[in-house]
Structure formats: C-alpha cells, structure tokens
Amino acid sequence: MNVLVTGATGFLGQSLCHALQARGDFVLGLGSRDADLTRSDALEPWSNRRFDQIWHLAAWTQAGDFCLYHPGEQWLKNQQINTTVLTFWQRHQAQAKLIAMGTSCAYAPDRPLREEEYLAGEPIDSLYTYAMTKRMLYVGMTSLARQFDLRYLCLTPSTLYGPGYHTDGRQMHFIFDLIRKILRGKLYGEPVVLWGDGQQQRELVYIDDFIHDALWLGDHRENDLVNLGAGEQYSIRAFAECICEAVGYDAQRIQYDTTRYTGAKSKCLDVSKLRGLLPEWRRVPLSTGIQCTVDWFLGERERLLQPARAA
Ligand SMILES: NC(=O)c1ccc[n+]([C@@H]2O[C@H](COP(=O)([O-])OP(=O)(O)OC[C@H]3O[C@@H](n4cnc5c(N)ncnc54)[C@H](OP(=O)(O)O)[C@@H]3O)[C@@H](O)[C@H]2O)c1
C-alpha cells in the first residue's frame with residue numbers, strides 16, 4: 001500500500017512509520033520541516049501521488065499545561081493543519097482512507113467516555129481549545145465523507161507511553177515525568193515528591209499495542225470513530241510502585257504532596273466497541289511496558305536525566 005503519514009517525526013509517528021514499513025507498505029512520512037501544514041499549499045507537491053491510506057497525526061500540542069497557555073495559537077494552527085489535510089484528501093486523494101487521531105480530552109468529563117458522546121457536552125476547560133480542534137477535525141471528516149463519498153476513520157487514543165518519547169526538553173506526559181523523578185531519586189538521591197495523594201486513576205496504552213490495534217482498524221473499519229484505550233486504569237501510586245520495581249527504588253521513600261492539584265479523580269475510555277471489533281485483545285503487561293520505557297530513559301540519560309541542579 002501507498003501510505004502518507006503526517007506527524008511522522010512525532011512520538012507516535014516514528015513508531016507507526018516503522019510498523020507500516022515493516023509490513024511492506026511504501027511510506028511517505030512528513031514532519032513540519034518537510035511540509036508546514038499550517039500552509040494551505042503544503043501538500044501540493046504530492047497531489048499527483050495516489051495514496052491508499054493517509055494517517056493524519058500532525059497536531060500542534062504538548063503535554064502538561066501547554067494547552068492552558070496556548071489556546072489561541074492552538075486554535076489557529078490546528079485548524080489550519082487539519083484544513084490543509086482535509087482539503088488535500090477531498091481534492092486530490094478521494095481514493096484514500098483518511099485515518100486521523102482524536103483525543104480522549106474531547107470527551108466531557110461529566111459524561112461517559114463512549115464514542116456516541118464524543119461531541120456531547122463541554123471538554124475540560126484547561127484543554128478546551130485542543131479538544132475542540134479535535135472535535136472539529138472529526139466533524140470535518142464526517143462532513144466531507146458524507147458529501148463527497150469519502151472513507152475515514154477517527155481513532156481516539158488515551159495517553160500513550162513507551163520508548164522513543166521526546167528528548168528535547170518539552171513537557172512530558174505524567175508517566176514519563178514519574179519515571180524521570182524516580183530515576184533521579186535513585187541516581188542522585190533527590191527527594192521524590194509526587195503531586196496529590198496518589199489515588200487518582202489514569203489509563204495508559206503501550207505504544208506497540210496502540211499501533212497493533214490501529215493498523216488492524218485502519219484496514220478493516222471505515223466511517224467510524226473508535227476509542228483506543230487500555231481497558232483498565234491504575235492509581236498513580238500503583239504506577240509509581242511499578243516504576244520503583246523496575247528501577248530498584250524503595251517506594252516507601254516517595255512523598256505525596258496533597259496540597260497540589262492533580263486533575264480528575266479518574267479517566268478511562270470505554271473500550272467495549274474496540275473489544276467487539278478486534279479479532280484478538282492483547283495488551284503488554286504494565287510491568288513490561290514500564291521496564292522497556294525505563295530502559296529507554298536510561299539509554300537517554302545524558303539528555304533526560306541530569307541532576308536537578310544541572311538540568
Ligand atoms: N501521545 C499521546 O499520548 C496522544 C494521546 C491522544 C492523542 N494523540 C494524538 O496523536 C497524534 C500524535 O501524537 P504524538 O504524541 O506523536 O505527537 P507529537 O510527538 O507531539 O508529534 C506531533 C507531530 O505533529 C507535527 N506537526 C506539528 N506542527 C506541524 C505543522 N505545522 N506542520 C506539519 N506537522 C506538524 C510534528 O512535526 P515536527 O516534530 O517535525 O515539528 C510532529 O511530527 C496527535 O494528533 C495527538 O493529538 C496523542
């Protein structure tokens with residue numbers, strides 16, 4: 001198959017491109033240096049190519065409080081990026097299935113995290129713009145598919161983890177932050193202080209599991225929105241203990257700062273639709289996923305694990 005991947009230089013994009021190539025696809029992977037998708041003509045050089053699938057991963061965002069402080073820019077950039085890709089699909093690639101990434105943040109926190117609720121209610125305030133641009137991407141796909149008889153698939157990932165995350169100093173998703181704090185505690189004797197009481201529950205999907213399911217869905221589903229989650233969640237305390245086990249650090253030494261705000265008590269995608277669709281349900285055990293991620297961290301020690309005073 002001929003496959004175009006936007007966001008190919010990102011955390012998910014790099015692994016996805018490897019997986020597509022490994023199964024024999026011809027992959028054109030684009031990062032922002034190859035094609036700045038905020039420009040409406042960015043994909044013109046490839047308008048005469050015929051792609052079977054377009055995986056649209058590009059998004060302008062980061063973890064932590066990035067969305068809170070960049071709502072205006074996020075609106076403009078992500079709307080421009082998505083419009084460029086949607087236009088390219090409709091005008092030049094009507095034969096291609098567009099497979100785009102949504103977000104679990106698009107769901108209203110007070111409603112069930114089930115696919116039919118994706119556009120219902122209000123997303124959480126701190127992620128509002130990012131969430132709304134993902135909703136608009138979905139609306140764009142469904143609208144174009146309806147009018148122009150196109151094929152799409154929107155996948156809603158929960159937080160992904162695994163080796164190969166960014167090492168450029170940007171804010172990290174919570175699990176990478178936990179690993180970094182505990183490794184620094186182990187390597188440099190720094191105190192390990194986690195926010196909250198550790199009881200808040202979170203869900204993580206190992207990147208290989210995500211890609212395994214996404215590739216299958218990409219080939220077998222169309223004109224659908226599917227949550228792609230882990231199917232279970234753990235407390236922050238449980239994640240921390242798992243990391244301590246992998247690192248060899250005494251979990252009793254971790255301090256919990258209960259004065260700090262830690263967000264929702266629990267957040268887990270409903271994966272009943274996914275379970276009904278997939279021919280097999282497989283998930284890398286948390287301990288294995290954490291161990292691989294810790295090993296990757298240690299391999300990137302120079303960039304990721306400087307002591308706090310030198311970082
Ligand atoms: N990671 C998660 O846990 C998670 C969870 C839910 C949803 N998602 C979604 O999954 C997708 C991939 O996530 P990720 O973690 O791999 O993201 P990421 O690591 O931040 O990568 C983002 C990608 O978007 C590209 N990009 C940003 N601005 C661009 C522009 N103006 N023109 C062209 N490309 C641009 C980046 O290119 P450069 O690096 O070359 O600038 C990069 O390849 C995103 O849509 C994200 O919203 C991710």
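User: Which domains does the domain assignment of the chain give?
Analyst: Good place to start: this is a predicted model in which local features need pLDDT of at least 70, side-chain atom pairs count only at pLDDT 80 or more, and totals for chains, interfaces and linings use all residues. Residues are numbered from 1 along each chain as its sequence is written. Domain bounds come from an automatic or database domain assignment, and for this chain they give domain 1 (2-157) and domain 2 (162-203 + 232-269 + 284-304).

User: Which helix gives the largest share of the side of domain 1 that touches domain 2?
Analyst: Eleven residues of domain 1 are in contact (C-beta atoms, placed from the backbone, within 7 Å) with eleven residues of domain 2. Helices are DSSP runs of H or I with at least four residues, strands are runs of E with at least two, and both are numbered from the N terminus. On the domain 1 side, three residues, the largest share, belong to residues 11-22, which form helix H1.

User: Which residues touch the most other members of the largest nonpolar core?
Analyst: A nonpolar core is a set of buried Ala, Val, Leu, Ile, Met, Phe, Trp, Tyr and Cys residues joined through C-beta atoms within 7 Å. Buried means 20 or more other C-beta atoms within 10 Å of a residue's own, exposed 12 or fewer, and partly exposed in between, with C-beta atoms placed from the backbone. Of the 85 residues in this core, those touching the most other members are Val5, Ile179, Ala240 and Ile243.

User: Is Asp149 buried or exposed?
Analyst: Asp149 sits in the loop between helix H4 (128-148) and strand S5 (151-157). Its phi is near 60°, a positive value in a residue other than glycine, and most residues other than glycine have a negative phi. With 8 other C-beta atoms within 10 Å, Asp149 is exposed.

Terms used
Contact = placed C-beta atoms within 7 Å.
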